[in-house]
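Subject: Structure handover, pockets

Hello,

Here is the structure you are taking over. My notes on its pockets follow below it.

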Amino acid sequence: MTRVAVIGGDGIGPEVVGATMSILERMDLGLEFVETEMGLACFERTGEYLPSKTLRTLESCKALLFGAITSPVTFDPCYSSPLLQLRKHFDLYANIRPCFPILQEHKLVDLNAVIVRENTEGMYTCREREDDGTVILERVVSEKGCRRIVVKAIKVAKVMGFDKITCVHKANVLRRSDGLFRGVFYDVMRDSGLQADDMIVDAAAAALISKPKYFQCIVTLNLYGDILSDEAAALTGGLGMAPSANLGDNFGLFEPVHGSGLDIAGKNVANPSATILSACLMLEFLKKMDAASTLQSALVQTLTEGDRTRDLGGRLGTREFADKVAERLTRQ
Ligand code: NAI
Ligand code: MG
């Protein structure tokens, strides 16, 4: 049986993952779920942010459903983000972030797009060194990294029925590194059968608001994709609604775009929709297409019929909202 790891993490992570699992456990998926741990609470308990036992469990699984972790506030030279470690360890080079509204009344603009973000290079190398009061970060952009993320974006765009990909970069300033990305983009796109264009990242941040219909599939580097995807989430229904898939060739990590929501943690108010939608992406990755569309339909029905959490103007708690989705599931 295919094994799937489950990590709640910190803050609202265990709440949104717990709610999602309460739904998945009521579905006949033929999957074995294995709970494991990482993050700040795990460190406080075990002395390790990402225990080797967790890594071994993950290596025995095909996918991970993950909530969020809290980053330590003070600088610790020994800290290395467990999430970034996992992205590196499993070479999860593509971060796919669909940006579409489910509830028309909660969208701010007409954005129906997907952001395909390079996930292992760019600013997120964590190679920082201090030299006489100056901190220097090594930023990495490789031809291989650019090529494979554009190839992935082409696949994603085609599956989602888009016919244009926009490369978002800062090649006007970062002329060699982002220039390489832009050059590789046009090279790989030549035989794709899709339209190709590009935009500078600051202009893209504005255009997401001023001309959202311009965008279909955006392919971009790590930091730009991280920032633009929170913006796109806010434009299409809020962070409680935005899912993501971190994909490598052999493993997938599925998580909401949001973090550990420390301001609302432990209150049973977080919206689990982003995590439920991430579980839908996971089911698709595991080729359980019918289950994915049944779960997504139940979620959409729940929301459109007015059962909602507080961020969407509703009154339901995290667990109660999940119960409503599970009820719809049995009606599908
Ligand atoms: P955040 O994404 O956790 O929260 C931003 C705002 O959105 C907060 O006001 C929060 O209440 C709201 N929000 C987030 N998720 C929500 C949900 N499901 N339902 C309703 N409202 C929701 O970002 P923040 O506050 O900047 O970061 C908190 C912690 O999370 C930090 O330690 C940060 O490093 C970490 N983080 C972790 C990530 C991960 O594990 N993948 C990603 C982003 C941040
Ligand atoms: Mg982020």
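Helix 4 (82-89) contributes 5 residues to the lining of the largest pocket, the most of any element. Please keep in mind that this is a predicted model.

The other elements that give two or more residues to that lining are strand 3 (63-68), strand 6 (128-131), strand 7 (134-137), helix 8 (222-236) and strand 12 (252-256). The largest pocket holds about 1100 Å³ of space and has 39 lining residues. Those nearest its centre are Ser71, Tyr79, Ser81, Leu84 and Cys126. By class, the lining consists of 16 nonpolar, 12 polar and 11 charged residues. Domain 1 (1-92 + 242-332) and domain 2 (108-235) each provide at least three residues of the lining of the largest pocket.

The second largest pocket comes next. Its space is about 670 Å³, and 21 residues line it. Val156, Val159, Leu247, Leu281 and Glu284 are the closest to its centre. Its lining takes at least two residues from each of strand 4 (94-99), helix 5 (143-159), strand 11 (243-247), helix 9 (273-285) and helix 10 (289-304). Here the classes are 14 nonpolar, 2 polar and 5 charged.

Regards

Key
Residues numbered from 1 in each chain as written. Chains lettered and ligands numbered in written order. Predicted model: local features only at pLDDT ≥ 70, side-chain atom pairs only at ≥ 80, totals over all residues. Heavy atoms only, no water. 1 Å grid on protein atoms, 1.4 Å probe; cavity = no way out; pocket = protein on both sides within 12 Å on 5 of 7 lines; lining within 4 Å. Points joined across faces, edges and corners; volume = space filled by probe spheres on them. Helix = DSSP H or I, 4+ residues; strand = E, 2+ residues; numbered from the N terminus. Nonpolar A, V, L, I, M, F, W, Y, C, P; charged D, E, K, R; others polar. Domains from an automatic or database assignment.
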